[in-house]
Amino acid sequence: MAHRLVETQPQEALMELTTTVNDEARVLDVDGTESAVDVVRDGLGLTGTKLVCGSGVCGACTLLVDGEPVLGCLTPATRLRDASVTTVEGLADGDDLHPVQRAFAHHDGLQCGYCTPGFVVDAVAFHDRWRAEHGAGEPDGPSREVIAEALAGHLCRCGSYEGIYRAVAAACRGEHDGGVGDVERVDAPAKVTGAAVYTTDVVLPGMLHAAIRRSDVAAGTVGPIRFPDGVVGLDVLGDDRRVRWAGQPIAVVAAESLAEARRVARELVVPLTAHDFVLDPEVAVRPGAPLVYPTRGERKAAPSAGEGGSLPAPWDGNRHGPSRSPFLGTLAKRRVGAARAARRRGLVELEFHTAAQLHTAFEPHACVADWTDPQHLRVWLSTQGVDLMRHAIADRFDLDPARVEVVAEHVGGGFGAKLSLTTEATSAIALSRLAGRPVRLVLDRHEELTGTGNRPGSRSRVSMLVDDDTQAVKALVVDTDSHAGVAIGNSVAALSMLLYERTPRLARDVDVVTNAPPGAPFRGPGGPTSAWSLEQTVDEVAHRFGRDPIGLRAQWDGNQKRQALYRWASALPTWERRPATGSQSGRFRRGVGVAAGNWIYLVDPDCEVVVSVQAGHLVASTAAQDMGTGSRTVVARAVAGVFDVDPSHVEVRLGRSHGGTSHGPASGGSRTTVSLWSTAVEAATSLRDRVGTDLGRAPDGASATAKRGGDRGLRAVPMTMNGIQIGRGFSAALHVTEVEVDTRTGKTRVLRVHGGIAVGRIHAPVLARSQCEGSIIQGIGLALYENQVLDPHTGLTLTANLEDYHIPQLGDTPEIDIHFHEEGWERVPGGGVGLGEVATVSPAASVGNAIFNATGWRPLTLPVRPDRLLEGLRTEVTR
């Protein structure tokens, strides 16, 4: 392994370019190949402008050039010659924000904030045109349709579209000409001005750039890799020389520039012998199919697609499972078998399929590692767990955790894909140690959509037996084959057992491994997949017996929190006016569907928060992170409430795992807010009791620390797994969705969604509403659009850009109504539990049930593409 640096290839002749950026004359040297976003970010250091897709699809890199919005990734840098350029940093007049920036902050038109600068810049251009034409005299402002058309080139993976609609309309009405109004999200000003710093924005002196060489075959064996003289490189395969999926990292190299690193990685000679591979799960289980893991040792090292690892289970070729489960009821199996033989009306049996859904976080996986000081490793990492990663890095590199610092000041989305220590982090760290210089490794969009994880595809067979007279559930059997590529550890069938009344139940989860990219935990792992099959089966029972779908669920469901949601939903005009299933004719047909959701209550018992007084101000510290879910805001509001001050007067220090901060929870499993809130309140209360509320007279440096501890209100012996406590009880959700189906084109349009969420006390209402709205948007994507596609001949990912991988955009957003039921969790410290997971479980299933209500055809396969819907309607007509 060589330690010298590769010589940079001769550069093209540079040309001098004069431009004006944010009212300041600038002179740039360009070689004629750069894009505008390259020179703005790298040449000028204006990192508020973000590069996400690189193909003009997402709008994150939008700039104003001579007053007109342009896409920085598609605009040549030479276009900026003698132009007036405005970036997001130049929209405000000093501390005086533009009305659009104020509106985005007030209406919470953002979450992680990575796409926000592009939205804001384009919205400013639209606002200024609108006001020039209309003034502030139109009380309604621009319509949703007009706003959607104006911002059609922008995407938000967090799904903050409802807040964006509200913000743009309010700004155009002139509501924010005189001020911003109340702002609940404490880091909103930094995000709407481009001041928020993400890992992809970090630049260190003397920094090298790294690139990954990936496999272009789906299966093979790699021989020893010899790096050319002068190349700093890593062979990342280790002792296992097999590659099992197309896109798997093989080696990583570093160079003075990113272009040079990519060239070296591309030209690296890799001795590789290709093997037969299998991508189709049905083929993978046939006799003689190529084995993904031929030996016991290889099977033992298979990665997990679940957050908690995989349970022990037998292997049979490419089949793993079923694992031992508490839901192995032989009585359920016997009852279903007898009902099938007797052709009982009360037996409903359906088979469902789902495709893999990609996380698609807009900030790609990224790491900047600085190991130039042998005694201190500093790592900037886009992660969902700064403290979790500190310990993982220390373990991986055999270090004292006190010598490792992980920094994630802001995180541009993750959705579960950034909960583990992955190649970009381990490689950047190892290369920094080799080179003695900082190293930066950032995935491009193709890499992000190829191998950073997915919600696994599945096939689920559901058998539900109910009493012919009362429709009481007599048995439930769910068999699920999950397809997480080379990964294992799914629990879709098991989750189906946790929702309705106690009855004989049988759950069997099997992983079918293939040479496809590995799955990873994805917001509510297994939940939306489970609900897609179970909730449509429940809907089919209701239809078969002429029962109200909400009333039938209420008959079965012992969760009192969800009972309150059933009462709320039954009274909705949308539900009361729903048509009879299949009763409509004509081209456009409307339908309404309902689906329920469930999630486990989790908490981090080791969570710590330190609250101190520094120079007369309150400072709260914890080694957590904020990926748009609002951790900063939650801690600020908790501390501010104790001292009766505005949350803006509390400085919250997050995103750093070193320097005196205490343990913080990872952002996963809906455990962050519930862990932080009560701990911050306890620390603040302890400090207030010692120093009083007059902070000007409090001793400088006075502090108090609190640790969350166990769940004192729910379990005598709390269940703990991997450092996470499992409390008793389930959070609850119910979604009622209205759709319009175009029977000529096959397109389904979601018109309206009512989301009922029962998680107890809501600590930050505006942010909680944004989270629930975003969950609905991601559910619509799962239901109608999102589908990872692999080339059957090579295994390469075909949906590796944001043109081919379709996520919902502004125009796909329905009107959304969120209802919070805040009772039922009074015994939990803080009075409430997390909502990130439960809010995402049932939206897709409610869309499926709405389509059935509209057409009489039940969609069994996700996504419900137009071709599938049209074929389904043709089949229904011929029956």
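Visitor: Where buried means under 20% relative accessible area, exposed over 50% and partly exposed in between (1.4 Å probe, protein chains only), which class does Glu535 fall into?
Guide: This is a predicted model, in which local features need pLDDT of at least 70, side-chain atom pairs count only at pLDDT 80 or more, and totals for chains, interfaces and linings use all residues. Residues are numbered from 1 along each chain as its sequence is written, and side-chain values use heavy atoms, with hydrogens and water left out. Glu535 has a relative accessible area of 1%, so this residue is classed as buried.

Visitor: With which residue does Glu535 form a salt bridge?
Guide: A salt bridge is a side-chain nitrogen of Lys or Arg within 4 Å of a carboxyl oxygen of Asp or Glu. The closest N and O atoms of the pair are 2.8 Å apart, and the partner of Glu535 is Arg553.

Visitor: Is Arg102, which meets Asp96 in a salt bridge, buried or exposed?
Guide: The N to O distance between the two side chains is 2.3 Å. Asp96, at a relative accessible area of 41%, is partly exposed. Arg102 has 8% relative accessibility and therefore counts as buried.

Visitor: How many residues apart in sequence are the parts that Glu256 and Arg437 tie together?
Guide: The side chains of Glu256 and Arg437 form a salt bridge at 3.0 Å, N to O. Glu256 lies in the loop between β10 (249-255) and α7 (258-267), and Arg437 in the loop between α12 (423-435) and β19 (439-442); helices (H or I, at least four residues) and strands (E, at least two) are DSSP runs, numbered from the N terminus. The pair therefore ties together parts separated in sequence by 181 residues.
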